[in-house]
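Me: I would like to learn how to read a few features of a protein model. Could you walk me through them?

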Amino acid sequence: MPLLEETALPQEHPPTVPVVIIGNGPSGICLSYLLSGYKPYLDTTAVHPNPILYRKLQETKHLPITEQDLEYLSEGLEGRSRNPVAVLFDTLLHPNADFGYEFPPVLQWRRDKQQHIPHLVLGRATPGGAWHAMEGSMLTISLGIWMELPGVNYRDLTNGKRRDVTSDRATPEEISSYYRNYVKLKGLQKNFVDNTYVTSVQKLCRGHKGEGLENGHTDQGDGEVGNGGNGGFEGNGVECLNSGGGGALWEVRGYQQVQNDTHVPFSLFAENVVLATGASDSPVRLGVEGEDLPFVFHSISDLGLALSRRKLDMNSDPVLIVGAGLSAADAVLCACNSNIRVLHVFRKNVDDPDLIFKQLPKTLYPEYHKVYNMMCSQTYNASVGLFPDYTSFSEHCVVSFQSDMKCLLQGNNSLKAFKISMALVLIGTNPNLFFLKGQGQYLGQDPTKPVSCKQNPIDIHPYTFECTKEPGLFAMGPLVGDNFVRFLKGGALGIASCLLKRLKKKGKLISNGGNNFI
């Protein structure tokens, strides 16, 4: 959906939107569903296997979950997320899933169009987010049913395809198709604006020369709120412009890529902004000499590209793969399946209990255990040399990459140099919040360090997902530590519940179910 109608012409103020969601992956899609009037109620025909939770649900079964006390419902629940609402929503959608059961959800969904909160979901591509960019032949870590969103059965949209013992897992192509179809099936298209790039998000404040912004930042950069076209507000004031409901307004700037690669700038005011950008924007770097050389890459897609262009074959020098996670394992599988020799470097010992392979059942993830077995059995030995297909270098690190296509590896009291054809550094990714002040670092649990999904997630209120340091700014998904689709849906529940309660309290619920600002 284009943003041109409202932003192409000069205006005293850009349009004001109650909620802008940045990111159109499963986090943004799920939140759009809950903001569009879809409300979860206890299914009166269902019985939850947790008797304490079931008793609590029975107490207010006439109310949707979004209008109940999420802290009370979440109390005492345990699960594989640090966020209590994520655990709550997961057990309502997938009761006792961690015990291997596949019980049906205990929720039924009803739509109340009078409870629709107008919102926009801004995404760089079509709905589905990073899933569109993943390798099509790989299988997801999570079961396919754990990737589904509320109200649409995953198997119904994938025709119940079954492959083998791993058949309950899915390919990225199947998942991205499911998310695209989900948006259409639930009538959410009007909320989504594709091919949109956000470049600045700032709280609007009236100009008071010489004073800093409310959040303590004074640098303006590309996101400066200046005097032109926005009603005379400046980025270095302290009196925040509010929406008439008591909260500050945010200005969201960026551009939309339209036909012929034309970039059309836009500017929106938002009463609330939700960060749902995921974690795959910026690959983690080694920080070693030569990492910027043209044969060093940080994405598995670069390996696929080299193979498709026939730049690699069985006679090529080995490919160096750095990392001991699943992305590195996928790269190993991709190379080995194409008869490309592999040197696999990782810092941990193969017996380290924190290796992800230790946490995956062999029957469900046979391909990853194949990689792990090679990591254990085909380790480098100086007296024997390299194996013909794959050699692992446990407890090694990269010292440098050289312009003559050599890499220098540091082991226990030894340095080794190897000629390689390309290097893939796959040691994780971090979010890129460049559009926020100071890269959004001040939002982290430790504001002295960059935001990191694992080490330093954004600090949020546990039941509303509102940033503790920035009212009106929310975060969900990997940004708050929920890296699996199964749990990021809890962020949508917490945010929707918070916004519905606030707007109801202000008497601002809501309109005809349409967005008239796009």
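Predicted model: local features only at pLDDT ≥ 70, side-chain atom pairs only at ≥ 80, totals over all residues.

Me: Which strand pairs with β15, and in what sense?

Reply: That is β14, residues 342-346, which pairs with β15 in the parallel sense over 5 bridges. To find your place in the pairing, look for H344, which stands opposite S392 of β15.

Me: Now the helices. At what angle do α2 and α11 pack?

Reply: Two packed helices are described by the angle between their axes and the distance between the axes. Here α2 (residues 26-35) and α11 (residues 485-505) pack at about 35°, and their axes are 9 Å apart. The crossing of α2 past α11 is right-handed.

Me: Which residues make that contact?

Reply: From α2 come P26, S27, C30, L31, L34 and L35. The α11 side supplies V485, L488, K489, A492, L493, I495, A496 and L499. By class, the residues of this contact between α2 and α11 split into 12 nonpolar, 1 polar and 1 charged.

Me: What about cysteines: how many disulfides are there?

Reply: The test is a pair of cysteine sulfur atoms within 2.5 Å. With that rule, the count is 0 disulfides. As for accessibility, C376 counts as partly exposed at 32% relative accessibility, and C397 is partly exposed as well, with 33%.

Me: Last topic, the backbone. Where is R310, and what is its phi?

Reply: R310 lies in the loop between α8 (300-308) and β13 (319-322). Its phi is positive, near 60°, in a residue other than glycine.

Me: Is R310 buried or exposed?

Reply: The cut-off for exposed is over 50% relative accessible area. R310 has 75% relative accessibility, so R310 counts as exposed.

Me: And what is the phi of E395?

Reply: E395 is not a glycine, yet its phi is positive, about 55°. You will find E395 in the loop between β15 and β16 (397-401). Its relative accessibility is 35%, so E395 counts as partly exposed.

Definitions and conventions: Residues numbered from 1 in each chain as written. Heavy atoms only, no water. Pairing = 2+ DSSP bridges. Helix = DSSP H or I, 4+ residues; strand = E, 2+ residues; numbered from the N terminus. Buried < 20%, exposed > 50% of the residue type's maximum accessible area, 1.4 Å probe, protein only. Axes fitted to C-alpha atoms, helices over the stretch in contact; angles between N-to-C directions. Left-handed = near helix turned anticlockwise from the far one by under 90°. Contact = heavy atoms within 4.5 Å. Nonpolar A, V, L, I, M, F, W, Y, C, P; charged D, E, K, R; others polar.
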